Amino acid sequence: MIKPGKHNAITDVEGLLVGHHHDLAAASGVSVVICPKGAVGGVDVRGSAPGTRETDLLQPENLVRTVNAVALCGGSVYGLAAADGVVRWLAEKGWGFPLEGGQVAPIVPAAALYDLGRGASFVPPTGAEWGRAACQAADDGPVAMGSVGAGCGALSGGIKGGLGTASAVLASGLSVGALVAVNSLGGVIDPASGRPWEIGLELDGEFGPQGRRAVQLPPAPPGQPGQNTTIGVVATDAAIDKAQAKKLAQMAQDGLARAIRPAHTMYDGDTIFCLATGQKELPRQEGFFASPQALAITELGQAMADCLSRAIIQAVLRAQSLAGMVAFAQLAER
């Protein structure tokens, strides 16, 4: 039986830290997932308007096997600068790809979402200092959700988007988690029912009173196509390789497509990273075709997809109204 982890957050995956930094007046921010001991990384980019850094490095055929952090950035093309602060902070800790003379090169893939023009100035005052601040706030405990971090200025299907997280412990004992900033062209709420599309995935009443509401959606979204993108991280404590991490990122995107409709549009840069901290061996099933780990990867991928859907719902249900964007919690009931 699948159940949430201790915090119902991506930090339930052993070996990960999460931190946020945001500026409410600027309606933008950054969230980081840090892997102090490194984690095998993979990525899947489905949207047609991505803003990314170091995604080529994650392809299975390329050299570097592990990453040290992933940055999820508001601020569109300007926001990717926050990853520079993450790199500098990690280097001071000595965490990174080993170089000569005891030096390191921290590996920090990143993705950005479009929240320009939603705060006091069109371009938020993002930069390396935002990434450093998010790192300094990182820990392995409960993770704040809603209008925080990279989800601070997010908009989803015409209502306030946000930052969400969720976790699950599988029957095998492996853990999975998801962290996502939802800034989508498509909606998380089914206009016919007024409830999230994937509300049936709820575990242990995690969505609370908001999850039991059916709301009236605004007649038309105030945003314009091209101001979108959902970015996130899924993770596991299983020991896997880069090819398997890429496959899991691909499977996790199914959870995004179920929870946000439409998804992966021409106006979204939907990008999902996968991290594996390697704390536990992957179960093997001998004689299962030519790959004894195929069944275990399939089960992990399914759990990650569901976990990502749950995190997406949390992002919208936990959001607070900001900068003229009205949150689900403030919508009238049907």
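Predicted model: local features only at pLDDT ≥ 70, side-chain atom pairs only at ≥ 80, totals over all residues.

**Entry 1: a surface patch**

Residues are numbered from 1 along each chain as its sequence is written, and side-chain values use heavy atoms, with hydrogens and water left out.

I then looked up Val123, which sits in the loop between β7 (110-112) and α3 (128-136). Helices (H or I, at least four residues) and strands (E, at least two) are DSSP runs, numbered from the N terminus. Val123 has 31% relative accessibility, so I list this residue as partly exposed. My cut-offs are under 20% relative accessible area for buried and over 50% for exposed, with partly exposed in between (1.4 Å probe, protein chains only).

Is strand β4 (residues 66-73) mostly covered or uncovered? I found it mostly covered, with seven of its eight residues buried.

Next I checked its partners, counting two strands as paired if DSSP finds at least two bridges between them. Strand β2 (residues 28-45) pairs with β4 in the antiparallel sense, over seven bridges. In that pairing I see Ile34 opposite Ala69 of β4. With β7 the direction is parallel, and three bridges make the join. There, Cys73 stands opposite Ala112 in β7.

**Entry 2: helix α5**

How far does helix α5 (residues 294-317) reach from its first C-alpha to its last? I read 35 Å for its 24 residues, close to the 34 Å expected at 1.5 Å a residue. The expected span is 1.5 Å times one less than the number of residues. Of the 24 residues of α5, 18 are buried, so the rest of the structure largely encloses this helix.

**Entry 3: aromatic rings**

I searched for ring pairs among Phe, Tyr and Trp (its six-membered ring), with centres within 6.5 Å; planes under 30 degrees apart are stacked, over 60 edge-to-face and the rest tilted. The count comes to one aromatic pair. Trp89 and Trp95 have ring centres 5.9 Å apart and planes at 75 degrees, so I wrote the pair down as edge-to-face. Trp89 is buried at 11% relative accessible area, whereas Trp95 is partly exposed at 23%.

**Entry 4: salt bridges**

My rule here is a side-chain nitrogen of Lys or Arg within 4 Å of a carboxyl oxygen of Asp or Glu. The structure holds nine salt bridges, and I followed up some of them.

Glu198 bridges to Arg258, with the closest N and O atoms 3.2 Å apart. The two come from distant parts of the chain, 60 residues apart: Glu198 from the loop between β13 (195-196) and β14 (231-238), Arg258 from helix α4 (residues 242-259). Glu198 is buried at 13% relative accessibility, and Arg258 is partly exposed at 28%.

Arg213 and Glu333 also meet in a salt bridge (3.2 Å, N to O). This pair spans 120 residues, from the loop between β13 and β14 to the segment after α5. Arg213 is buried at 11%, while Glu333 is partly exposed at 49%.

Asp237 and Lys280 form another salt bridge, at 3.5 Å from N to O. Asp237 belongs to strand β14 and Lys280 to strand β15 (residues 271-280), so the pair ties together parts 43 residues apart in sequence. I have Asp237 as buried at 2% and Lys280 as partly exposed at 33%.

I also noted one network, in which salt bridges with shared partners join Glu198, Arg258, Arg261 and Asp306.

**Entry 5: two C-alpha distances**

Ser48 lies in the loop between β2 and β3 (52-53). Its C-alpha is 5.4 Å from that of Gly269, though the two are 221 residues apart along the chain.

Ala166, in strand β10 (residues 162-169), is buried at 0% relative accessibility.
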